[in-house]
Amino acid sequence: MRLAPVFLGSLARRRMATLFSFIAIVLGVALGMAVQAVHEAALSEFGRGLRTLAGAADLQVVGPRGGFDENVYALLASRPEVAEASPVLELEIKRAGTEETLQLLGVDIFALARVTPALLPKPAATAERFATLADDSVFLSGAAQTALGLKAGDTIDFQAGTRRITLKIAGDIPGAAENRRLAVMDIAVVQSRFDRIGRLTRIDLRLAEGVMPGAARSALQALLPAGVLIEVPEAAADQAANLSRAYRVNLTLLAAIALLTGGFLVFSAQALSVVRRRTEFAFLRALGLARRSLFGWLLAEGAMVGLAGGVVGVVLGHGLAWGALAVLGGDLGAGYFSGLTPVLKFQPQVTAVYVALGLLAGIAGAWLPAREAATIAPAQALKAGDEGALPGGRGHPWLGLGLLAASLAACAIPPLDELPVGGYLAVAFLLAGSVMLLPALAAAIARLLPDRGPVSARLAAARLGAAPGHAVVAAAGVLTSVALAAAMAIMVASFRDSVDQWLHQLLPADLYLRAGQARTSGYLDEALQTRIAAVNGVDRSSFTRHDNLRLAGGKAPVALIARPLAADGSNLPLVGRAQPGAGPAIWISEAMLDLYGWRVGQTVALPLAGKLVDLHVAGVWRDYARQTGAIMIDLADYRRLTGDRLVNDAAIDLAADADAGRVAAALTALAGPGVLEVARPGEIRALSLRIFDRTFAVTYLLEAVAIVIGLAGVAASFAALAAARRREFGMLRHLGLTRRQIGWMLAHEGALAAGVGVAAGLLAGGAIGLVLIEVVNRQSFHWSMDLHVPWASLALFAAGLVALAALAAVLAGRQAMRQDAVLAVREDW
Amino acid sequence: MERRDFLLALAGFAASAAGAREVVEFARVLPGRKLIFPADHGAHPDFRTEWWYATGWLNLSEGRPIGFQTTFFRVRTGIGEDNASAFAPRQLILAHAAIADPALGRLRHDQRSARVGFGRAGFATDRTRVWVGDWRFEQDGGLYRAALRSQEFAYDLNLVPNGPPMLNGLAGFSTKASDPRHASYYYSRPQLTVDGSVTLAGRPQQVTGQAWLDHEWSSELLADGAQGWDWIGINLDDGSALMAFRLRGDREAALWAAASLRRADGSTQIFPPAAIAFEPLRQWRSPRTGITYPVEWRVRIEQRVFLLQVLMDDQELDSRRSTGAIYWEGAVRLLEGGREIGRGYLEMTGYGERIRLG
């Protein structure tokens, strides 16, 4: 017996429902695939860049961004464990007068050749003698030359401090030709021309033959000053991967929810379709089709939709990834991998996994309806009508309540491997629990509905009360998508609002001035600080120094910010109570609590200027800028402890009668054109929020997808229902209802079903939003935020969704109503 | 003498002499300056370039002969003279080492380079002492010690001189062209008795032999029109020693030549350019680089006619990866009247491209 046309053909007969299920799966798979492909590309590109930079190094000595004493190099190079040591002074440098920055490596080419030969500069044919050592030469990678529109022989101006230095491009770096930001110079020249005499930022070590990196690492670490660590070269790649991992996992889970919705749509379509085909199945069973075969064929229907969705999904996913890389960059706009140009690579295994996920969603969606259909007793089904057999009924309210309780418990689970597993579990429990509770909620709402109004409305209400199963199938799709969209909206609104407030608190001054964004090479020296304070119209100027610290091996560096601080921390966005002490204090960001376990009131040892200094943790502040942790210290304390007199930024309070524009112009004129950047806090805030919005562009996209999926669920359910209810519509026509009235009834039904879904979805979404804020964000990014519910947009969204659902129900039912009433009633008799 | 200047390009200086900037005043080589020892055994950092160049024949324990080469260069770059950075590359130390083993049929060679500072490389000015990484060449009392280690080979040799230095040219003032501006201070220490150990293929063994040391310093680059040079330093069996070189133009013709012969009694005879002739007899083509080198020579010094025969044909040293320079430096036998009368080293440069100096 050829059964394929009977079963798989049924997919074609209910085109709309199949199409929506298919689209939902495509979207879920495509988003997941895109996120995966983009990050894989970015990480592999990032890792490749790091490998070029690390070369044959077995170990790397790293320290704070400001560097460490160069004598560490002499010390390590003379050790028997070390075959070759390559000293590096790395700076971020800014092309004078522009926003372009480059990664400048000051190297000793003699040592470089034996550790990281890929970084060896190659003088152009026209370069002069000793160009690789010359104090006026710089080597730019081929891609950097192209990006800057320069070639060998040209000159380029860089900013050093607030001065401008002119260098000649003497050649390229053939081993790192694709690196768009790489520049190499002799280390002595970088030290002298960028005022870093005596400093190194990294030493690459190649170990002597037979020396194990582990043993050498501990032996050498003991020789190093505080804050200077020995790492394996992979550590930096791991840190980058970890840094972006939480972001990546969050996006992937959003895609998973889309996929879940797709599976759910398959479920609703199959459930209704199975009901319609009860008689058909009864015949087949009576003709001898085994129960298992029927089950298998029905699963195959779901599998087919899932497989098709999976295949199209991965194709679309790669397309999306390609587009995202071109438009947003490797971090989807989140800023983790600036300056990279990742190339998309096709990964067969990963792609297969995503196709399989689509397939799985299809099969899972078809499972329950298939099992129900297979359990039908043929004789009974042949006799009875089909409506009574719709799934649903009262659902599983106790299980639902249990799941909600479990979600509360899951929130208490600490992060596993730095991932908020508990948070994700809680979200899943919340969704599943609300779906289970939905029938009970629908029944409750039906009881509350007034027994008045036009006949179409009363019919719709009666139907919801009598056969909630119909509505529940449609409402569950709406619930899932509304919950997702509402949760995202609440989380993003809270985040944005908190960031905005935080920016207000952090930027209280009238003007901000900085020596470019390249903080290692652009700074304000003491003379300039004095001149800034003396500018006419400047009432008060306070300065900020940025550095970072290495506190633990394998962990990303922690930002160190030195600026004038009030003793009680009142000029910081504090979280919780401060405990100012007597001695020098530090104020730590929330990430320091999570990552290093520091507590307020504790005394911690910080490696400042190569020595450990005991400092009192006076309080915790909120920091949305650095998820790897930040430490704030009073500028006077910092200067006393380190002797570092340079600063990077200045905050300017204007005198009462001063004109901001005029003062800004006077400040800018203190250095050459394009060297000092002066901004008003409003501009900085606007820029920050613009970056914020770009980061969340992907989540906005997901919200839109969620809405489409929800509407698709309503339309698909009603299309299937309407087809199943042709006899009912015929009967209603016989009883004297006009087509218009039946249309209104359908609209009411759609609105009611959607209304139930939206109401439940908003509740579930609110709860999920809280989980996202309190658990997922806190554990992923280590920052807290204040709850901010966008009531107006949620209300607008809910109302719009109900109206659209009504419209979808009417459109779906129209075809069924078109049929002749008499014919419809006669149909099966 | 510029014969080895090109090696100064080591470590990736693609160079053109035309672009050289003269920001510092290098010390000048002037006739009439008397060489004073032991001070002149040490480095002369005011001059642009300087080298200690030891070559010789060693007998392995099984009696088989091999050749060895140890070269330490000191280069004053003229760069970073007023740079406060401890990394300022004012002085560089570069070193080449090679073993010529007929059993292998080609050279084992390696090189090191570093800027002076942080104890990574350096030199002494009061005696011969120069090092880069764990490679060193130094004078200790009456003897020299060369200790080098590489992946493929290692050696630790004591070189003992048997008399005072042989001053080449005019009491150590050695001209390289008709223009006396192109000159160096140059003395040799021939007939060094060698003992020590050589490690080949991981197996150390005791060796003895005879070696030759050149020490030379100058500030002038190669004369215009010079394409390369040929040089020999031979310890003769009768206790005498012969040094000869010629500078070639782009044709075979010699632009300049010089020779010194120290007799066993210690007296030294210096020969004028006209008394010296180098005549290639047999060619060998390198399978790696395609460059053809003369590997058998007739050398005429006044009336005497010598024949040079190489220990093995392939003693080409390819350092293109670091310098772009390819040269031939190897062990040779000196014959007179069909009979071997001495052993030493032959150096030939400029047979591929013109040697680009510094």
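**View 1. The crossing of α2(A) and α10(A).** In this predicted model, α2(A) passes α10(A) in a right-handed crossing. The two elements are helix α2, residues 15–54 of chain A, and helix α10, residues 291–327 of chain A, which pack at an angle of about 40° with their axes 6 Å apart. Because of that angle, α2(A) is oblique to α10(A); angles under 35 degrees would count as roughly parallel, and the roughly perpendicular range runs from 65 to 115. Sorted by class, the residues that form the contact of α2(A) with α10(A) comprise 19 nonpolar and 10 polar, with no charged residues among them.

**View 2. The side of chain A that touches chain B.** Where the two chains meet, 25 residues of chain A are in contact with 26 residues of chain B. On the chain A side, at least two residues are supplied by each of α3 (71–77), α4 (109–115) and α6 (187–193). The largest share of this side of chain A comes from α6(A), which provides four residues. By class, the residues with which chain A touches chain B divide into 15 nonpolar, four polar and six charged.

**View 3. The strands and burial of chain B.** Chain B has 23 strands and zero helices. Of the 358 residues in chain B, 52% count as buried.

Technical notes:
Residues are numbered from 1 along each chain as its sequence is written. Chains are lettered from A and ligands numbered from 1 in the order in which they are written. This is a predicted model: local features need pLDDT of at least 70, side-chain atom pairs count only at pLDDT 80 or more; totals for chains, interfaces and linings use all residues. Two residues are in contact if their C-beta atoms, placed from the backbone, lie within 7 Å. Ala, Val, Leu, Ile, Met, Phe, Trp, Tyr, Cys and Pro count as nonpolar, Asp, Glu, Lys and Arg as charged, and the others, Gly among them, as polar. Axes are lines fitted to C-alpha atoms, for helices over the stretch in contact, and angles run from 0 to 180 degrees between N-to-C directions. Angles under 35 degrees count as roughly parallel, over 145 as roughly antiparallel, 65 to 115 as roughly perpendicular and the rest as oblique. A crossing is left-handed if the near helix is turned anticlockwise from the far one by less than a right angle, and right-handed if clockwise. A residue is buried if 20 or more other C-beta atoms lie within 10 Å of its own, exposed if 12 or fewer, and partly exposed in between; C-beta atoms are placed from the backbone.
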